[in-house]
Amino acid sequence: MKVYTGENVRNVAVVGHGHAGKTSLISAALFTAGATQRLGRVDDGTATTDYDEEEISRKMSISAGLACAEWGQTKINFIDTPGFNMFVHEAKMALPVIDAAIVVVDGSGQIVIVNYYSLDYRSDAQNALSQALNHAVDAAAEPYHVTVADGFVMFQKAAEQAGGDTCGAGLLTVLAAGGCGSHPSVAGQVLLAQAVEEAIRK
Ligand SMILES: Nc1nc2c(ncn2[C@@H]2O[C@H](COP(=O)(O)OP(=O)(O)OP(=O)(O)O)[C@@H](O)[C@H]2O)c(=O)[nH]1
Ligand SMILES: [Mg+2]
């Protein structure tokens, strides 16, 4: 059996909403890399990473599934994760051991992304940084007709009550050492979800 050294191994999780096509993408990657002789399909129960009876009969992933392929000198370990929210713990379990994640999005529906909020609306530099990133987000979204939800403005309005202090307004996760991190708190997540809803309704 071939032995791979650490630098030639990649652990890649495939994540995304239920029914987005994660398991099918992995089957296609395995077939393309020559790891399988035929293209596995979820619909006829032959997808490599949906192998248990329950998964085959329901045509959905229930637990995280592992499959590997060789590409050049590199061994890629794919971790197929379930997208249905009841099994989301299986996806979360995979995340600490991965080098990278592939997020699969169902292209047949409306795709919405949230743009960047400012970490501190009192800071011109922070605002300029977020807006520069948001120009890039707009440019990337436009050719694919992706809807951009305005997280920047949503957080800006909410931060006003704290004089523009995003952290002070409770929108960011609080760090044990004091201050805030860059991720949204639960209250921040709710606001971003509202931004998505507004963008869809437009
Ligand atoms: N037309 C089309 N159908 C696809 C494509 N990818 C997946 N499907 C179909 O979409 C359905 C869901 O595909 P899956 O690969 O099981 O999706 P999943 O993301 O693994 O779903 P969960 O495991 O439930 O999270 C199946 O019926 C697939 O045949 C694609 O690129 N094009
Ligand atoms: Mg699946």
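**Close-up views of a predicted model**

**View 1. Helix 1 and its cover.** Strand 1, strand 2 (65-71) and strand 3 are among the elements that cover the buried residues of helix 1, where contact requires C-beta atoms, placed from the backbone, to lie within 7 Å, and where helices (H or I, at least four residues) and strands (E, at least two) are DSSP runs numbered from the N terminus. This is a predicted model, in which local features need pLDDT of at least 70 and side-chain atom pairs count only at pLDDT 80 or more, while totals for chains, interfaces and linings use all residues. Residues are numbered from 1 along each chain as its sequence is written, and chains are lettered from A and ligands numbered from 1 in the order in which they are written. In helix 1 (residues 22-32) the buried residues are Lys 22, Thr 23, Ser 24, Ile 26, Ser 27, Ala 29 and Leu 30; buried denotes 20 or more other C-beta atoms within 10 Å of a residue's own, with C-beta atoms placed from the backbone. Gly 34, which follows helix 1, has a positive phi near 85°.

**View 2. The shell of ligand 1.** Ligand 1 is surrounded by 16 residues, the closest being Gly 21, Thr 23, Ser 24, Ser 61 and Gly 83, where a residue is near if its C-beta atom, placed from the backbone, lies within 6 Å. This shell divides into six nonpolar, eight polar and two charged residues, with Asp, Glu, Lys and Arg counted as charged and Gly among the polar ones.

**View 3. Strand 1 and its partners.** Strand 1 (residues 9-15) runs parallel to strand 3 (residues 74-80), to which six bridges join it, pairing being defined by at least two DSSP bridges; here Val 12 stands opposite Phe 78. Strand 1 also pairs in the parallel sense with strand 4 (residues 100-103), over four bridges, and Ala 13 has Ala 101 as its bridge partner there.

**View 4. The largest nonpolar core.** This core, a set of buried Ala, Val, Leu, Ile, Met, Phe, Trp, Tyr and Cys residues joined through C-beta atoms within 7 Å, has 15 residues, and Met 154, Phe 155 and Leu 191 are among those with the most contacts inside it. Helix 5 (151-159) and helix 6 (186-201) each give two or more residues to this core, and helix 5 gives the most, with five.

**View 5. The hairpin of strands 7 and 8.** Strand 7 (residues 172-174) and strand 8 (residues 180-184) run antiparallel and are joined by two bridges, with Leu 172 opposite Pro 184. Five residues lie between the strands of this hairpin, in which Gly 178 takes a positive phi near 105°.

How values were computed
Buried ≥ 20, exposed ≤ 12 C-beta atoms within 10 Å, placed from the backbone. Contact = placed C-beta atoms within 7 Å.
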